[in-house]
Amino acid sequence: MKFKFILFVGLLAASFTTAAQDKYSLNYIIGFPTGEASEFISSTSWRGIGFDYVHELDRNWAIGGSISWQTFYEDIGYQTTENGTETVSAKRYNYINSLPIHVTGSYYFKSSKDLTPFISLGAGVMYNRQEQDLGLYVLSSDAWQFSVRPELGVEYELRYGFGLRGAFRYNYAAKSGGLDGLSHIGLALGVYWDN
């Protein structure tokens, strides 16, 4: 947890010390579990936040980084679960906490003054923690997993250096550390600003 906090604070601090061709965005993210994640939790997550940074190389190309946090939750109801020789009957709650961290490359289609579509590809790691709460018992596992994140979005400039941003991103996580690849789709809605 300390590592995540230091990384997030470091990205925010960098926003105040970099050159004029840098762009930042703060996003509210709605998450949709896919694959193995959707087998564990089928409900949509309304609890996500993300911070993106890009450094413009020229008019169209940019490199940067992205960090976000998504929490998935589902009330499964009253269940009887067997784990080895133990049998537990209780209310069951499933959780997935996901922290994707990516280095990104982006291409901006400069088609008009105000509206700018873009595509982006990120590669990095995703920390996933999968948890089942059964009354007083908690069964959990976690792992750092290799991750790739393609993204398709649009930015709309409201005034010079400030605007609205929307994007669909797919956070793919590879199976590792004894944990399934807990991938998800994110709808990121937020604001961006230039430094």
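This report describes the strands, hairpins and surface of a predicted protein model.

## Basis of the model

Residues are numbered from 1 along each chain as its sequence is written, and side-chain values use heavy atoms, with hydrogens and water left out. Because this is a predicted model, local features need pLDDT of at least 70 and side-chain atom pairs count only at pLDDT 80 or more, while totals for chains, interfaces and linings use all residues.

## Overall make-up

The protein contains 2 helices and 8 strands. Both kinds of element are DSSP runs numbered from the N terminus: helices are H or I with at least four residues, and strands are E with at least two. Read from the N terminus, the order of elements is α-β-α-β-β-β-β-β-β-β.

## Strands 3 and 4

Strand 3 covers residues 61-83 and strand 4 covers residues 86-108; the two pair in the antiparallel sense over 20 bridges. Strands count as paired if DSSP finds at least two bridges between them. Asparagine 83 lies opposite glutamate 86 of strand 4.

The hairpin of strand 3 and strand 4 has 2 residues between the strands. Glycine 84 in this hairpin takes a positive phi near 70°.

## Strands 4 and 5

Strand 5 spans residues 115-134 and runs antiparallel to strand 4, with 17 bridges joining them. The hairpin from strand 4 to strand 5 passes through 6 residues. Two facing pairs can be located here: serine 106 stands opposite serine 120 in strand 5, and tyrosine 107 stands opposite isoleucine 119 in strand 5.

## Strands 5 and 6

Strand 6 takes in residues 137-159 and pairs with strand 5 in the antiparallel sense over 20 bridges. Glutamine 132 has leucine 139 in strand 6 as its bridge partner.

Strand 5 and strand 6 also form a hairpin, with 2 residues between them. In its turn, glycine 135 has a positive phi of about 60°.

## Burial, contacts and surface

Of the 195 residues in the protein, 46% are buried. Buried means under 20% relative accessible area, with over 50% called exposed and partly exposed in between (1.4 Å probe, protein chains only).

A contact means heavy atoms within 4.5 Å. Among the contacts with a separation of 6 or more, 62% are between residues 24 or more positions apart.

The protein exposes about 10300 Å², and carbon and sulfur atoms supply 63% of this area. Accessible areas come from the Shrake-Rupley method with a 1.4 Å probe; for residues, only the protein chains shown count as cover.
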